[in-house]
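Q: Can you walk me through this one? Keep it quick.

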Amino acid sequence: MTKFAEQLGIETSTVSRQANGKSEASPRFIGAVMVAFPVDFSEAFDVTVEEVAQRRARIVKRPTGKRVKLDRAAA
């Protein structure tokens, strides 16, 4: 794996995660493989189609419960 990582110009740990299925291929990883080796995309990578429910997270401002005393004379 070390030599393969060196050929791609990436960390050995990245190659290890890809090889062990612990991580999905990032655009950088895919690009590095495609540049380093003249193969078709479908020969280098397995493409799967998965249905997933899209979830989004957003920050919601909630009151802190702290009361702020306003100086009405300054306003």
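Q: What should I know before reading the values?
A: This is a predicted model, where local features need pLDDT of at least 70, side-chain atom pairs count only at pLDDT 80 or more, and totals for chains, interfaces and linings use all residues. Residues are numbered from 1 along each chain as its sequence is written, and side-chain values use heavy atoms, with hydrogens and water left out.

Q: OK. How many helices and strands are there in the chain?
A: There are 4 helices and 0 strands. The pattern along the sequence is α-α-α-α. Helices (H or I, at least four residues) and strands (E, at least two) are DSSP runs, numbered from the N terminus.

Q: How much of the chain counts as buried?
A: Of its 75 residues, 12%. Buried means under 20% relative accessible area, exposed over 50%, and partly exposed in between (1.4 Å probe, protein chains only).

Q: Which residues make up the largest nonpolar core?
A: Ala5, Leu8, Ile10, Val15, Phe29, Ala32, Val33 and Phe45, 8 residues in all. Helix H1 (2-8) and H3 each supply at least two residues of this core. H3 gives the most, with 3 residues. A nonpolar core here is a set of buried Ala, Val, Leu, Ile, Met, Phe, Trp, Tyr and Cys residues joined through side-chain atoms within 4.5 Å.

Q: Why would such side chains group?
A: In soluble globular proteins, nonpolar side chains tend to be buried together.

Q: Back to H3. Which of its residues are buried?
A: Phe29, Ala32 and Val33 are buried in H3. They sit on the same side of H3, because they cover an arc of only 95° around the axis. That arc is taken from the directions from the helix axis to the C-beta atoms.

Q: What do the buried residues of H3 pack against?
A: H1, H2 and H4. The face of H3 turned away from its buried side carries the exposed residues Pro27, Arg28 and Val35.

Q: Now Leu8. Buried or exposed?
A: Leu8 is buried, with a relative accessible area of 10%. Leu8 is in helix H1.

Q: What is Leu8 in contact with?
A: Val15, Phe29, Ala32, Val33, Ala36 and Phe37, leaving aside neighbours within four places in sequence. Contact means heavy atoms within 4.5 Å. Leu8 and Val33 are 25 residues apart in sequence, with their C-alpha atoms 6.4 Å apart in space.

Q: And Phe45, where is that?
A: In the segment after H4. Phe45 counts as buried, because its relative accessibility is 13%. Setting aside neighbours within four places in sequence, Phe45 is in contact with Ala25, Phe29, Ile30, Val33 and Met34.

Q: Switching topic. How much space lies in the largest pocket?
A: About 440 Å³. A pocket is found on a 1 Å grid over the protein atoms alone, as an open set of points where a 1.4 Å probe fits, with protein on both sides within 12 Å along at least five of seven lines; lining residues have an atom within 4 Å of a point.

Q: What lines the largest pocket?
A: 16 residues, of which Gln18, Glu24, Ala25, Phe45 and Asp46 lie nearest its centre. By class, the lining has 10 nonpolar, 3 polar and 3 charged residues.

Q: Which helix gives the most to that lining?
A: H2, with 3 residues.

How values were computed:
Points joined across faces, edges and corners; volume = space filled by probe spheres on them. Nonpolar A, V, L, I, M, F, W, Y, C, P; charged D, E, K, R; others polar.
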